[in-house]
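This briefing concerns the packing of selected helices and the backbone of selected loop residues. Please consult it alongside the sequence and the structure shown here.

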Amino acid sequence: MFFCNVFPSQYDVYVPRGDTIRSSLGFNHPNSFGGYCLYILISFLLFFYSTGRLQNLKKISNLFWFLLMFITGFFIEFVYADSRSSQVAFILIVLLIIPLVFNKNIKSFKPLLGIFILLIVTLTSVMVVFYYNPFSTFFVKLNDLTSNRLFLQNEAFKVFGFNLFNVSDFAQGNPIWVDNQYVYNLISTGIIGSLIYTYIYAKSFVNAHKANCYILYIVLIALIFKGSFESTLIDYYALLPIICSFFMVNKISMKQ
């Protein structure tokens, strides 16, 4: 649709990062393009795993679709969109899926591992922004590495702060973008809202373990790290893994 000029010209977005030109291919931003494609890949993996195809890659047709999806995903994430948050999640999924390829009976990790990672990433994200120092060499380099995200998140803390429940006058991008899910949760929903989100995500690890769904567990881990670069884990399409975990634990068949 993009190449056939179906989309209007204002969606022909090319965003530079250093010497790299990133393309959105019709989406409003390369990060959105990379994010949607990542969740298409996740949907594919959950479907492939639930129908037993992922555990049977010796079959040529299964191997073909598996390789096609990952090669296409790699091309989109690293060549066109060049979305670092999606790249991090993509790499983690690839690395963690390798054991499953060689051992189709591999079991899901204990919930404590995923919950521990979630808490560490959440606390680290908040503490780094809270103690951000623009005169520190360490923070300056870290801010450059994250494309000025730390500075903007620190500014949001200064302008809006946070309280027990929420900050009513905070809106994403008006005037500050907060590209970190855990910092965003704290500012926009307060301490209570942030704790509720953390509980629901932690409960998803428990559900994935109960359902013994290894692929869902590693997807949840990968998305934790994506959330440290973007505040898109609460977007409707991003809730798929969490919703799946609750479906599975309520004894709805994995094929459904």
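The model is predicted. Helix α1 comprises residues 30-50, and its contacts with α2 and with α9 are described in turn. Helix α8, at residues 214-226, is mostly covered.

**Helix α1 against helix α2**

- Helix α1 (residues 30-50) packs on helix α2 (residues 60-80) at an angle of about 165 degrees, and their axes lie 10 Å apart.
- Because angles over 145 degrees count as roughly antiparallel, α1 is roughly antiparallel to α2.
- The crossing of α1 past α2 is left-handed.
- From α1, the residues in this contact are Phe33, Gly34, Cys37, Leu38, Ile40, Leu41, Phe44, Leu45 and Phe48.
- In α2, their partners are Asn62, Trp65, Phe66, Met69, Phe70, Ile76, Glu77 and Tyr80.
- By class, the contact of α1 with α2 contains 14 nonpolar, 2 polar and 1 charged residues.

**Helix α1 against helix α9**

- The axes of α1 and α9 come within 11 Å and cross at roughly 20 degrees.
- Because angles under 35 degrees count as roughly parallel, α1 is roughly parallel to α9.
- Tyr39, Ile42, Ser43 and Leu46 of α1 meet Leu240, Pro241 and Cys244 of α9.
- The contact of α1 with α9 has 6 nonpolar residues, 1 polar residue and no charged residues.
- As a general point, an α-helix has 3.6 residues a turn, so residues three or four places apart point the same way.

**Helix α8**

- Helix α8 has 13 residues and spans 19 Å from its first C-alpha to its last, close to the 18 Å expected at 1.5 Å a residue.
- Of the 13 residues in α8, 12 are buried.
- The buried residues of α8 include Tyr214, Tyr217, Ala222 and Lys226.
- The buried residues of α8 pack against α1, α3 (84-102), α4 (111-130), α7 (181-210) and α9 (240-249).

**Loop residues with positive phi**

- Asn148 is found in the loop between α5 (137-145) and α6 (149-160), and its phi is near 70 degrees, a positive value in a residue other than glycine.
- The relative accessible area of Asn148 is 34%, and the residue is partly exposed.
- Asn212 lies in the loop between α7 and α8, with a positive phi near 55 degrees in a residue other than glycine.
- Asn212 counts as partly exposed, at 35% relative accessibility.

How values were computed
Residues are numbered from 1 along each chain as its sequence is written. This is a predicted model: local features need pLDDT of at least 70, side-chain atom pairs count only at pLDDT 80 or more; totals for chains, interfaces and linings use all residues. Side-chain values use heavy atoms; hydrogens and water are left out. Axes are lines fitted to C-alpha atoms, for helices over the stretch in contact, and angles run from 0 to 180 degrees between N-to-C directions. Helices (H or I, at least four residues) and strands (E, at least two) are DSSP runs, numbered from the N terminus. Angles under 35 degrees count as roughly parallel, over 145 as roughly antiparallel, 65 to 115 as roughly perpendicular and the rest as oblique. A crossing is left-handed if the near helix is turned anticlockwise from the far one by less than a right angle, and right-handed if clockwise. Contact means heavy atoms within 4.5 Å. Ala, Val, Leu, Ile, Met, Phe, Trp, Tyr, Cys and Pro count as nonpolar, Asp, Glu, Lys and Arg as charged, and the others, Gly among them, as polar. The expected span of a helix is 1.5 Å times one less than its number of residues. Buried means under 20% relative accessible area, exposed over 50%, partly exposed in between (1.4 Å probe, protein chains only).
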